[in-house]
Amino acid sequence: MRDNIYVRLGLPVLLVCIVSAAGLAMTYSFTKGPIEAQAREAEQKSLTACLPEAKTFEKIADASMLAKASTAAGDVTVDGLFRAVDGTGATVGAGLLVGSRGYGGPIRMAVGVDRNGKVVGVTIVSMNETPGLGSKIVDDKTFLPRFKGLASADEARKVDTITGATKSSRGVRKGVEAALAAFTAIGGVEGVSAK
Amino acid sequence: MHVVTQLALLLIGAALVNNILLTRFIALCSFFGISDNMHTAIGMSLAVIFVMMLASTATWIAYYGMLVPLGVGEFLYIPAFILVIAALVQFVEMYLRKYSPALYRAMGIYLPLITTNCAVLAAATEAVKPGFFKMNMAYGFTLGENLIYTLGVAVGYGFALLCFTALRERLDIAPVPNVLKGTPMAFIAAALLSIGYIGLGSLFGL
Amino acid sequence: MKQFVAVLKNGLSLENPLTVLMIGLCSTLAVSAKFEGSLFMGIAVIFVLVMSNVLISAVRKFTPDEVRIPIFIVIIAAFVTIVDLVLKGYFPSVYSFLGVWIPLIVVNCIVLGRAEAFAYHNGVMLSIADGIGMGLGYTLIIAGLGAFRELFGSGSLVFLGNTLVSFGPAYRGPNILLLFPGAFLLFGFIVAGSRALNRRLTARKEAM
Amino acid sequence: MDLTLILKAVAALSVLGVISVALLATAAQKFAIEVDPNIEAILDALPGANCGACGNPSCFAAAEAIAAGRAPATTCVAGGKSTAEAIAALLGESCEFIPVVSVRHCGGGTNARHAYEHGGLRSCAAVAKLAGGSIACSAGCFGLGDCVTACPFDAMSLDERGLPVIDLEKCTGCGICVKECPRGSGGLLALVDDQAAVAVRCASRESVKDRRGACSMCCIACRKCEKACPTGAMRMVDGLAVLDPKLCISCFACVEACPQDCIDVTGRAASAPAGTLDGLAGSYAGFSVDESAVAAATAQCAVEAPSAGTGEADA
């Protein structure tokens, strides 16, 4: 008995591990599609909402560009850079997905920037702020439009925060600042449209 | 210098600003169970620091050494982490009991309690998944950052636990309305302490 | 069948709420800021409890005592991961709210405790009853708390994007209810209230 | 369906599973320690989730506490009723139910030296928190009566010495006073077999020198009781006299032998029928002793026992 204690104990655990791993792998392959579709849809939706002029958003995969953007963004994460293309195929600006720190966790948002480097719109992709307080960044319809037309991080810094949602709105502001800085760092619209 | 500052901020952020007990509300089961006695609280805090460092190193290695290369990290991390943590903690407990009875009596008896302590799994999970602390590093910590972060979480846990235990010891003798005596009053005290911790929210702009 | 109902009721009995408060504390407190989130959390816990209870009770004869905890934990973790993936795929907003709490169901004392205390010693049917009873008890508490905190804290109750009840824009709720400390305060008073109630009931019983 | 993904997942988790089991199996063999089978049986009945909700650091600690009688069968919150029943059944089989009563292990009161005068809240719990308590002895009674207030059966009262006296007629052995007493865990108040006929009125674990400095009534570890006891029921453990109630034949030889008046007649044993026999050694002015009860108690004793008046109280 002493010799095969490893077998006696190990076999059941091994079986359970095999079965659950197989089961999970299957579940994963079933849910993988919806998960990715969800993410893509949410991305596209918020990008379109913040830059309505554009028809499609092409993801920029250039690693050096992403690195430049990340450096410029500082402690805000840059989750994606998109080339905004209108119906005729001309580049009308850029969409940036950034994640900034809110009160209840990360605030992920999409920032649309036009050819002149001005903010066209900001939408919140996901956030986890306290309902009724931090969630005012979405509920207060006057807040997000405050960023419209800003052209530099310095200008963005002057936007007023919402009472009772200071930390959350500061998070949004930081996100916009970082997005603008990243946009400048990758060479503005020229950098974006270069293939 | 920049790296050092960043690590220091990570440590403070994990320990105070995002205190696992009082601002994140993780690991509360043992928080109330174990906080009525200073002696127990100290033993528990030490054990938590020790186990968390050990466990998060092990889970980090399991994640980046095995799950990620195989491309299964996305969906296998929960069973893998909890398996590693459970086995490791039980092993350490048995080892201490046999070879270091003094250490075992001081903190070993709290080890089993830590397996099911949410804090360990939470810290291990957050170290590899996007979440609260991921603002400045896209996804996942390096091993060094992971250690610093875990140390912060664990120390923050211990500090909050000791603060609360001291409060409760005083509360025992305070003239509290009869119906609030005991657990209800402990909750209310925890609420006030938690409000205090929220005040740390803007520390160093973290 | 009678036993089934008895076990089911046990989970929902008068004592359960307080037990739940004390041992499922972390998630109950943190997640109950929103009705929607807490309802989904409750459903997730019911699912995990029932499924893992069934499986554990089914394999209990082949489980060596020494390694039962690792085995239970892996089974529970597998179901938790399924919940995690499904929520991520189909309810992304709920998923982002629950966040780290989904993985933490694994270490929820209720789940592991019930697996060990009940499913390991009882048949499959009874284990299902126990899982449903305990899970429902948990869900009732957490959803009730969530509804209370969201309604009185923010003035409206939102479920999957639809506003169910609203006090109108003029309502200014106590912000503390929405923040974490509010959960502590509320809990303190709930425990005190139920204790006072219990005392009164006992006193009345004695008087009779 | 992605077969390679499934294979990879299976491989990853299996490897971790095997490593974990190997660790545990090795540990179970290499680090094996003998455990009281009683504790083990209770541990098996407990959930083993180690959640800490019961206030014990682990299920093992809880099992130890239950086995030792320090915690009730219903200790486990997570396990609920089913676990409690299983444990109760275990306890019922493996150890007899012994009716217990509370007993005080301190004879200090007015004889104890005070470290400071406490002018604040009249509560033992409060005093215990202030610089380790108001009396010099680290195990003695503060005499502020937290236990008296806590007793739901009205079985306790403070006497002239400032010590709680337990009416054994009323005491149900519920253990609430032991829990309430800030020094209950140190053995100042304890639940004992209700057949125990004598009680050692000292619980100090300090050195004998320190004890003497703190209280004139302390156990001085002279071993006279041990020598006097015909059955070996009275033994010296860590410098403190301890009674094994199972061996005690209620001869009261130890009560007579004790030069410190530290051993008292107590208990509701058949040989000591009356309710309160506390302080029987009779050295305290104004403390009444039921002479007839003592007479009845001693009459049934084969060995010569001290009568109340001639006890070594005068020694």
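Two strands count as paired if DSSP finds at least two bridges between them. Helices (H or I, at least four residues) and strands (E, at least two) are DSSP runs, numbered from the N terminus. The model is predicted: local features need pLDDT of at least 70, side-chain atom pairs count only at pLDDT 80 or more, and totals for chains, interfaces and linings use all residues. Residues are numbered from 1 along each chain as its sequence is written, and chains are lettered from A and ligands numbered from 1 in the order in which they are written.

**View 1. The open sheet of chain A.** In chain A, 5 strands form an open sheet with antiparallel pairing, in the order β1-β2-β3-β4-β5. Its edge strands are β1 (56-59) and β5 (119-126), each of which pairs on one side only. From one strand to the next the twist averages 25°; axes are lines fitted to C-alpha atoms, for helices over the stretch in contact, and angles run from 0 to 180 degrees between N-to-C directions.

**View 2. Strands β4 and β5 of chain A.** Strand β4(A), residues 106-114, runs antiparallel to β5(A) and is joined to β5(A) by 6 bridges. Across this pair, Ala110(A) stands opposite Thr123(A) of β5(A).

**View 3. Helices across the sheet of chain A.** Helix α1(A), residues 5-50, lies across β1, β2 (77-85), β3 (91-101), β4 and β5 of chain A, at about 150° to β5(A). Helix α5(A), residues 166-185, lies across β2, β3, β4 and β5 of chain A and runs at about 135° to β3(A). Residues are in contact if their C-beta atoms, placed from the backbone, lie within 7 Å.

**View 4. The side of chain C that touches chain B.** Chain C gives 35 residues to the contact and chain B gives 33 residues. On chain C, α3 (25-31), α5 (68-90), α7 (109-119) and α9 (180-207) each supply at least two residues of the side that touches chain B. The largest share of this side, 11 residues, comes from α9(C). Its residues divide into 30 nonpolar, 3 polar and 2 charged (Ala, Val, Leu, Ile, Met, Phe, Trp, Tyr, Cys and Pro count as nonpolar, Asp, Glu, Lys and Arg as charged, and the others, Gly among them, as polar).

**View 5. Chains A and D.** Chain A has 6 helices and 5 strands, in the sequence pattern α-β-α-β-β-β-β-α-α-α-α. Chain D has 11 helices and 8 strands. Among contacts in chain A between residues at least 6 apart in sequence, 60% join residues at least 24 apart; in chain D, 59% of contacts between residues at least 6 apart join residues at least 24 apart.

Conventions. Contact = placed C-beta atoms within 7 Å.
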